[in-house]
Amino acid sequence: MRVEEKSILVKFVSLYLISAFIMLSVIAYLIYDMQYKSIYNLSLSNLEMISSKISSRIITSDMKNEKLDFKSLCSSDQGIKFALFDKDNKNIFTDLKQEVPINFNKKNYLNDKHIVTIDKSTVGHLGVNSIVMVNDTFTSKVNSIIITILLGFILCYIVICAVGYYLIQLFMKPIENERKRLDNFIKDTTHELNTPITALMICTDQQTPRSEKNMERIYLSSKRISQIYKDLTHLILETDKKKEIENICLKNLISKELEYFELLASKKNISIQLNAEETCINVNVDDFQRIIGNVLSNAIKYNNRGGEIIVTLKDNLLSIKDNGIGIDINDQKSIFNRYYRATTQDGGFGLGLNIVYKICKEYNIMIDVESELKVGTTFSFNLNHLI
């Protein structure tokens with residue numbers, strides 16, 4: 001991934017994560033506020049209901065002149081306590097286990113840990129002027145809600161991050177594929193143009209005579225450059241374009257290709273022999289030129305000085321044999337992979353045989369490779385499907 005792509009990706013991810021964090025924070029706060037109010041109102045309502053029952057029992061007992069054990073008024077609800085006060089706000093009875101600040105001027109209020117309600121409906125019956133109800137479980141309930149919301153927040157944020165990662169991978173994949181396709185196009189072009197450009201440089205060298213044969217080679221190399229450009233454009237950038245299939249005579253096509261490669265072979269004193277019988281097949285001319293061209297190019301590149309190349313076309317079987325450095329048996333399964341190079345000898349990007357493999361796969365041409373280190377290599381192509 002390029003620096004520019006990384007920078008854009010980092011900005012996008014940062015914006016996504018920050019936005020998600022803010023959105024979840026707002027939702028979490030709204031949920032907390034709603035739950036807080038719900039617990040507060042429910043607790044307050046419960047205190048008022050219990051206070052009303054206590055007040056009713058006090059008034060009833062006083063009107064019946066019955067003695068009332070204030071302790072019997074204790075609520076069975078955990079966390080709910082009460083205290084009774086006279087008209088001077090002096091404590092008559094308390095169920096509170098700890099001292100709670102009491103403001104007799106308010107009907108209900110919330111201090112740091114408790115909800116407090118003050119009921120004065122007893123109006124002095126049995127000497128009770130105020131009933132103070134206290135709920136001391138409110139804080140623990142609120143803390144429990146906070147913990148639950150925080151855990152939910154963290155879980156949701158993790159899920160959002162995971163979904164974001166998946167979406168980023170999903171969105172980046174076509175961009176990455178397109179970038180790789182353009183990179184492959186550039187590398188393929190570089191590889192394919194290398195051979196004809198080298199031939200042009202040799203033919204136009206000041207020490208090379210301006211013979212008719214060299215002028216023809218210059219023409220063929222220039223034409224080949226044009227064909228390679230059109231072919232790569234068609235293969236890489238116009239994959240859906242329909243190819244023109246022709247019935248061609250392979251012997252003539254191979255002979256012309258050999259004329260093109262003879263100059264390169266002569267620089268290493270490599271001889272090229274052609275043993276071909278008349279064979280016609282249905283194929284795109286440019287595609288088959290690329291098969292022959294790439295295999296011949298490798299046969300020259302990885303051959304020994306003074307070696308030989310034998311091209312045979314017989315019984316619908318095309319073979320190109322050299323006596324070069326050969327290919328190790330462990331590398332033979334990988335030689336058709338893009339960018340794979342079995343040796344560091346000479347240049348190249350490991351594209352040629354991958355191109356050959358793709359074209360053969362398109363036409364159902366079976367490829368067979370026989371090779372032995374320091375002995376040579378033979379590439380064979382079964383053309384029966386093209387007859």
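So, is Leu-167 buried, partly exposed or exposed? Leu-167 counts as partly exposed, because its relative accessibility is 31%; for these labels, buried means under 20% relative accessible area, exposed means over 50%, and partly exposed is in between, with a 1.4 Å probe and protein chains only.

Before I go on, a word on what we're looking at. This is a predicted model, where local features need pLDDT of at least 70, side-chain atom pairs count only at pLDDT 80 or more, and totals for chains, interfaces and linings use all residues. Residues are numbered from 1 along each chain as its sequence is written, and side-chain values use heavy atoms, with hydrogens and water left out.

Okay, the overall picture. The protein chain has 6 helices and 12 strands, which are DSSP runs numbered from the N terminus (H or I of at least four residues for helices, E of at least two for strands). Of its 387 residues, 42% count as buried. The chain exposes about 22900 Å², and carbon and sulfur atoms supply 56% of that; accessible areas come from the Shrake-Rupley method with a 1.4 Å probe, and for residues only the protein chains shown count as cover. If you take contacts (heavy atoms within 4.5 Å) between residues at least 6 apart in sequence, 67% of them join residues at least 24 apart.

Back to Leu-167, then. You'll find Leu-167 in helix 2, residues 138-203. Leu-167 belongs to a nonpolar surface patch with Leu-155, Val-159, Val-163, Tyr-166, Leu-170 and Phe-171, and together they have about 670 Å² of accessible area. Patches here take residues with over 30% relative accessible area and no salt bridge, joining like charges within 9 Å and nonpolar side chains (Val, Leu, Ile, Met, Phe, Trp, Tyr) within 5 Å.

Next, Tyr-219, in helix 3, residues 212-237. Tyr-219 counts as exposed because its relative accessibility is 52%. Between Tyr-219 and Leu-200 there are 8.9 Å in space, C-alpha to C-alpha, and they're 19 residues apart in sequence.

Now, how many salt bridges does a search of the whole structure find? It finds 1, where the term means a side-chain nitrogen of Lys or Arg within 4 Å of a carboxyl oxygen of Asp or Glu. Asp-33 and Lys-37 make that bridge through their side chains, at 3.3 Å, N to O. Both sit in helix 1 (residues 3-63), 4 residues apart, about one turn of the helix. Asp-33 is partly exposed at 25% relative accessibility, and Lys-37 is partly exposed too, at 47%.

On to helix packing. Helix 4 (residues 250-266) and helix 5 (residues 285-301) have axes that come within 10 Å and cross at roughly 35 degrees. Their crossing is right-handed. Residues in that meeting include Leu-258 and Phe-261 from helix 4, and Phe-288 and Ile-292 from helix 5.

Helix 5 also packs with helix 6 (residues 352-363), at an angle of about 145 degrees and with the axes 9 Å apart. Here, among others, Ile-291 and Val-295 in helix 5 meet residues of helix 6 including Ile-355 and Ile-359.

Last stop, Ser-319 in strand 10, residues 317-322. Ser-319 is buried because its relative accessible area is 14%. Leaving aside neighbours within four places in sequence, Ser-319 is in contact with Ile-310, Val-311, Thr-312, Thr-378, Phe-379 and Ser-380.

Notes
Axes fitted to C-alpha atoms, helices over the stretch in contact; angles between N-to-C directions. Left-handed = near helix turned anticlockwise from the far one by under 90°.
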